[in-house]
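Biologist: I am new to this structure. Can you show me how to read a sheet and a helix in it?
Modeller: Gladly. Let us look at it together.

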There are 2 protein chains.
Amino acid sequence: MSQNPLVLFMPSGRRGRFPVGTPVLDAARELGVYVESVCGGRGICGRCQVEVAEGQFAKHGITSSNDHISAFGPKEQRYAEKRDLKPGRRLSCSATVQGDLVIDVPADAQVNTQIVRKAADTKVFPRNPALNMCYVELEEPDMHKPLGDLDRLFAALRAEWGFGELSADPHLLPQVQAILRQGQWAVTAAVHQPDTEGPATLVALYPGLKNEAYGIACDIGSTTIALHLVSLLSGLTIASAGASNPQIRFGEDLMSRVSYVMMNPDGREGMTEAVREAINSLIGEVAETAGIDRRDILDAVFVGNPIMHHLFLGIDPTELGGAPFALAVSGAVAMPARANGLDLNEGARLYMLPCIAGHVGADAAAATLAEGPHRSDDIMLLVDVGTNAEIVLGNKDHVVAASSPTGPAFEGAEISSGQRAANGAIERVRIDPVTLEPRFKVIGIDVWSDEPGFAEKAETVGVTGICGSGIIEVVAEMFLARIASEDGVIDGALAAKSPRIIEDGRTFSYVLHEGKQTITVTQNDIRAIQLAKAALYAGIKLLMDRMGLTTVDRIGFAGAFGSFIDPKYAMVLGLIPDCDLENVKAVGNAAGTGARMALINRDYRREIERTVRRIEKVETALEAKFQDHFVAAMAMPNKEDEFPRLAKAVSLPPRKPRPANDAGDGTAPRRRRGGRRGRG
Amino acid sequence: MSQNPLVLFMPSGRRGRFPVGTPVLDAARELGVYVESVCGGRGICGRCQVEVAEGQFAKHGITSSNDHISAFGPKEQRYAEKRDLKPGRRLSCSATVQGDLVIDVPADAQVNTQIVRKAADTKVFPRNPALNMCYVELEEPDMHKPLGDLDRLFAALRAEWGFGELSADPHLLPQVQAILRQGQWAVTAAVHQPDTEGPATLVALYPGLKNEAYGIACDIGSTTIALHLVSLLSGLTIASAGASNPQIRFGEDLMSRVSYVMMNPDGREGMTEAVREAINSLIGEVAETAGIDRRDILDAVFVGNPIMHHLFLGIDPTELGGAPFALAVSGAVAMPARANGLDLNEGARLYMLPCIAGHVGADAAAATLAEGPHRSDDIMLLVDVGTNAEIVLGNKDHVVAASSPTGPAFEGAEISSGQRAANGAIERVRIDPVTLEPRFKVIGIDVWSDEPGFAEKAETVGVTGICGSGIIEVVAEMFLARIASEDGVIDGALAAKSPRIIEDGRTFSYVLHEGKQTITVTQNDIRAIQLAKAALYAGIKLLMDRMGLTTVDRIGFAGAFGSFIDPKYAMVLGLIPDCDLENVKAVGNAAGTGARMALINRDYRREIERTVRRIEKVETALEAKFQDHFVAAMAMPNKEDEFPRLAKAVSLPPRKPRPANDAGDGTAPRRRRGGRRGRG
């Protein structure tokens with residue numbers, strides 16, 4: 001055969017033919033397959049490990065074998081003797097193509113044995129970090145060619161690593177000479193290059209081979225700050241930590257923090273300092289957990305809702321407190337991390353994802369990046385429920401986004417027995433449709449309330465209230481048990497049938513638990529949930545209208561609330577539109593995942609920047625139809641929309657008969673309602 | 001005629017045809033003629049003033065007339081009424097082409113009446129600053145298109161000013177919203193764009209029209225720091241100030257400062273702080289003189305010799321104290337000015353010209369930029385005499401550079417009666433070749449020593465010593481009067497003829513002045529001057545060798561010493577090679593001029609960066625022939641080189657006859673000398 005051998009890289013699937021003798025690393029680079037290398041092919045960093053997948057790959061027409069790769073050369077031999085090279089692993093800088101090959105690029109070269117805490121989210125993403133470690137050996141100074149030390153370093157980085165325009169972070173200028181001499185003209189340069197082609201900056205410099213570099217990815221929530229420490233060389237998250245957002249002491253929710261800034265001259269400054277301090281302390285925590293020096297952290301990615309985003313950047317969020325909700329900056333922000341008060345390596349860089357709109361922040365952008373509605377063939381709905389729900393809907397052709405003011409009811413506020421998800425909170429509820437008796441599960445107690453041992457445990461843990469997921473379930477179960485009508489009215493006639501239905505002024509309540517504290521669900525509680533879920537659903541419907549959709553293919557629930565909520569009950573209540581239940585998933589901390597992706601791959605930064613620019617923003621407050629959708633969504637699941645796919649899985653109470661003109665022709669009443677609002 | 005009118009811009013000479021009705025500013029821009037404009041053609045900043053040159057321009061085939069430009073439009077009318085528009089001046093953004101035109105672009109629009117101190121150097125250079133003031137009117141925030149305020153500002157800057165990639169200095173992020181609202185969506189953006197095409201940074205932002213912006217150009221000399229305040233909008237230097245370099249207290253000359261750093265742990269830090277403090281204080285001085293706010297200074301250019309360059313940047317200069325004289329950084333350095341401790345606008349930028357070699361600094365690069373040997377058709381020699389002479393030689397095809405260790409003799413050190421150029425110093429000397437009687441001029445006394453009134457004035461001023469130019473002249477005059485031989489030996493036989501020749505141990509001295517202090521020129525003084533001038537000449541000769549030259553066309557003497565030295569005597573002594581005397585010029589503070597050029601035109605930065613990269617560096621200490629040239633140059637003017645062009649202007653003593661083998665064949669003795677050194 002005269003053809004060159006075929007090399008296929010997994011998991012990317014990229015393939016190409018290369019002459020016998022081509023180093024596998026060169027083949028990977030030529031195909032755009034990212035394989036880490038710090039030492040630039042000298043066989044000393046061990047970062048470029050690959051494995052040969054042996055066998056017949058009929059689909060690709062390749063028979064791959066370890067006979068088709070070169071035997072251990074001297075560099076590889078030396079590395080294997082001095083370090084720990086797992087059986088089957090090869091250094092792609094040394095091993096050369098000898099025949100057809102299928103090459104596995106493992107997610108982790110495991111060069112340094114670091115503590116790897118299994119986080120909830122261990123997805124592996126392709127790497128192409130903005131920050132690269134580049135080992136070079138320099139020419140010594142030469143009087144005949146009096147190029148400066150830094151200039152010769154740049155020349156070496158250009159020649160060996162293909163950089164174009166290079167400059168140095170100012171703080172390095174006084175250090176370069178000593179580091180070069182300490183390393184005897186061999187150094188590892190930490191080079192920050194935001195775009196694959198483009199100007200690059202030397203941000204740190206180490207004598208000799210520096211075979212590690214870290215980054216942090218941080219999601220600044222209004223309640224919780226979650227921070228991950230990631231190895232930029234393996235892409236693995238090696239430690240995570242979380243803390244309450246200390247801004248809570250200035251205001252529980254977002255708007256009270258904006259008010260605090262408006263009322264207090266130093267308010268903005270105080271909150272900025274508080275959040276930066278908390279982040280610096282979390283950085284210390286993850287560094288200690290992982291046993292690394294925080295000075296080895298060289299890149300940092302942050303996400304957060306617009307108000308968290310602004311306060312972190314030292315920007316007064318007052319404009320976000322009222323229409324037109326003007327963001328100071330919506331595009332991605334990049335700067336030296338020290339300019340934002342972060343205590344990392346002095347040259348470390350900071351990147352914040354773009355915000356989508358005044359109420360749809362960098363966290364929603366990050367969740368979008370993680371879950372990829374913009375990469376999807378089918379229609380995906382991504383919802384992050386909070387006091388402001390952030391909603392993203394679309395597919396690869398078109399993406400729309402909005403926020404909806406759901407208020408704090410889903411978090412247990414405004415609910416008579418509401419509380420945060422903590423020990424003692426009821427989180428799951430079932431109601432027998434015949435007896436109307438409930439059973440429930442309490443956080444901190446591992447059995448249900450009707451199971452043996454519950455009573456004793458409840459003595460110590462307590463049953464203190466209902467958390468967000470509990471309130472969703474109890475209201476949905478009350479509806480399914482027909483205690484509450486589709487309009488949310490508790491049926492007072494049932495008081496005769498069950499002592500759990502009790503009169504409460506002019507309305508009725510449902511007694512969920514009697515103990516030290518009596519926990520009831522009042523008519524007002526149901527109203528609060530109805531208002532919240534109607535706001536969310538109306539927002540979603542506006543986006544569906546904009547897309548011309550009547551149904552969605554997949555739904556992702558982001559955030560902590562989304563992780564605990566049961567999709568079935570969310571749909572019974574009508575928080576979300578009808579969908580096959582198996583296509584409704586909790587997507588965990590998608591914002592944090594998106595931040596990690598942007599940290600380990602600069603292409604993701606460009607991807608989300610492009611995506612956010614083309615996302616169509618819908619301002620719910622400005623849409624005439626919001627009110628109509630809201631009114632219809634006050635009913636459970638909805639006064640106008642059918643839920644046929646939900647009905648297949650759950651026995652829904654029969655719907656109230658609609659007036660003829662409403663059911664037969666949806667146009668007329670809508671027009672009528674619009675007219676009413678116009679006059680109002 | 002169907003052809004479009006022809007428009008010619010002066011002084012650039014660029015020309016092109018434009019349709020009737022084209023604004024003159026647009027025509028200028030299309031031809032790449034830089035015309036300032038802050039308001040972007042709204043007729044409110046008045047920066048884009050031009051004048052019509054009337055008349056027949058036969059050379060260009062143009063008849064230009066005020067009838068060929070549009071009459072005052074409303075914008076121009078309004079500006080002329082509200083402001084001071086000089087007769088004949090037009091706003092090029094408003095005035096349109098109506099026929100053939102010759103347009104003068106004046107150096108100064110004189111919009112703000114500022115104190116303009118006539119500096120010694122008032123050369124006018126084409127402007128194209130890295131820092132531009134750009135007035136824009138923004139769209140207000142819109143909920144339907146929730147682009148951030150900063151992002152909309154960038155969009156306006158892109159649309160109206162043609163910028164590409166834009167980012168903001170981090171310190172501005174918290175300020176943008178308030179400034180935009182203060183300016184009611186009309187702001188002036190200070191945008192730093194180092195390259196004409198390329199990424200740009202918003203470094204300052206002002207509400208409404210900000211019609212001024214300043215820069216500083218600073219030459220950090222080892223003895224003196226000279227700083228100029230320049231309007232970036234007119235290009236004029238509006239104030240200058242100078243101060244002693246406070247590092248003098250750590251060491252008089254460069255090498256003693258390097259030693260100080262080597263001996264003292266905090267030495268580098270102390271000297272860096274001292275020079276930055278002095279510069280900040282000079283900035284305050286020029287700002288006060290010009291009546292401007294130092295916060296309106298947005299750009300800064302610095303030059304200095306390598307050791308000054310390093311200390312200013314906080315770099316330890318120890319490596320420059322010995323071979324291989326390794327610069328930490330030789331390329332141009334750009335950074336935020338605050339990163340280098342400068343107290344200017346918070347977003348101000350700093351640029352330092354590149355260094356040429358370990359002993360040939362950014363000051364020599366700046367002098368090169370100002371005097372332009374690299375742009376010259378004929379061969380130019382540029383010399384900056386100091387304790388280290390910096391020498392640049394070449395033409396547009398090839399430029400070479402070197403430094404030569406002349407030592408401090410030319411500054412009056414090592415000379416028995418030497419002193420700094422101050423009151424009481426002898427600066428000019430003539431000796432009667434017949435009587436051997438001298439006459440001289442003293443700094444602070446306006447008559448010569450043989451003129452009436454000298455004696456009285458000398459009573460108060462004193463005659464205290466000889467300064468640099470005086471020592472050059474007296475030694476040259478002693479040679480011309482044949483008191484000293486071409487080898488520099490004072491002829492003791494003349495003691496019999498003149499009481500001014502006195503015995504001094506085993507050698508003789510010449511009594512220049514008898515008074516309170518007797519001022520003599522000793523044999524050692526002459527030796528010191530011979531050593532210094534031989535070093536300089538040998539350096540020049542090496543460069544001439546490298547270029548294959550035996551003669552140069554023009555000589556420029558840079559620096560203070562160069563301004564006071566008489567070229568004739570410099571040539572009689574043999575400091576510089578033979579040249580027509582009218583082509584030997586003092587070029588003043590060429591380094592400062594080069595710094596100003598780089599400040600007002602970014603193209604000059606690229607020009608000198610390119611030039612420095614292609615300058616061939618010659619390390620005098622490594623050249624085998626340096627010693628030969630040095631020995632020959634110990635003679636006055638030179639033992640080997642003829643000075644035919646000098647001989648036409650000055651009656652030189654006849655040369656000593658050369659030994660036959662030396663005169664007839666230059667190769668043999670040179671080879672012999674080389675051999676001797678090889679054994680030594």
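Modeller: Start with a definition: two strands pair if DSSP finds at least two bridges between them. Keep in mind that this is a predicted model.

Biologist: In what order do the three strands of the open sheet in chain A run?
Modeller: The order is β24-β25-β26, and the pairing is antiparallel. At the edges lie β24 (501-504) and β26 (519-521) of chain A, each pairing on one side only. From one strand to the next, the twist averages 45 degrees.

Biologist: How many bridges join β25 and β26 of chain A?
Modeller: Three bridges, in the antiparallel sense; β25(A) covers residues 507-513. Take A:Tyr510: its bridge partner in β26(A) is A:Val521.

Biologist: Which helix packs on the sheet?
Modeller: Helix α11 of chain A, residues 523-547. It touches β24, β25 and β26 of chain A. Its direction makes about 90 degrees with that of β25(A).

Biologist: Now a helix. What should I know about side-chain directions?
Modeller: An α-helix has 3.6 residues a turn, so residues three or four places apart point the same way. Now take α3 of chain A, residues 149-161. Its 13 residues reach 18 Å from first C-alpha to last, close to the 18 Å expected at 1.5 Å a residue.

Biologist: Which residues of α3(A) are buried?
Modeller: Among them are A:Asp149, A:Leu150, A:Leu153, A:Phe154 and A:Leu157.

Biologist: What do the buried residues of α3(A) pack against?
Modeller: Four elements of chain A: β8 (131-137), β9 (166-168), α4 (176-182) and β10 (186-192).

Biologist: What comes just after α3(A)?
Modeller: A:Gly162, with a positive phi of about 75 degrees.

Key
Residues numbered from 1 in each chain as written. Chains lettered and ligands numbered in written order. Predicted model: local features only at pLDDT ≥ 70, side-chain atom pairs only at ≥ 80, totals over all residues. Helix = DSSP H or I, 4+ residues; strand = E, 2+ residues; numbered from the N terminus. Expected span 1.5 Å × (residues − 1). Buried ≥ 20, exposed ≤ 12 C-beta atoms within 10 Å, placed from the backbone. Contact = placed C-beta atoms within 7 Å. Axes fitted to C-alpha atoms, helices over the stretch in contact; angles between N-to-C directions.
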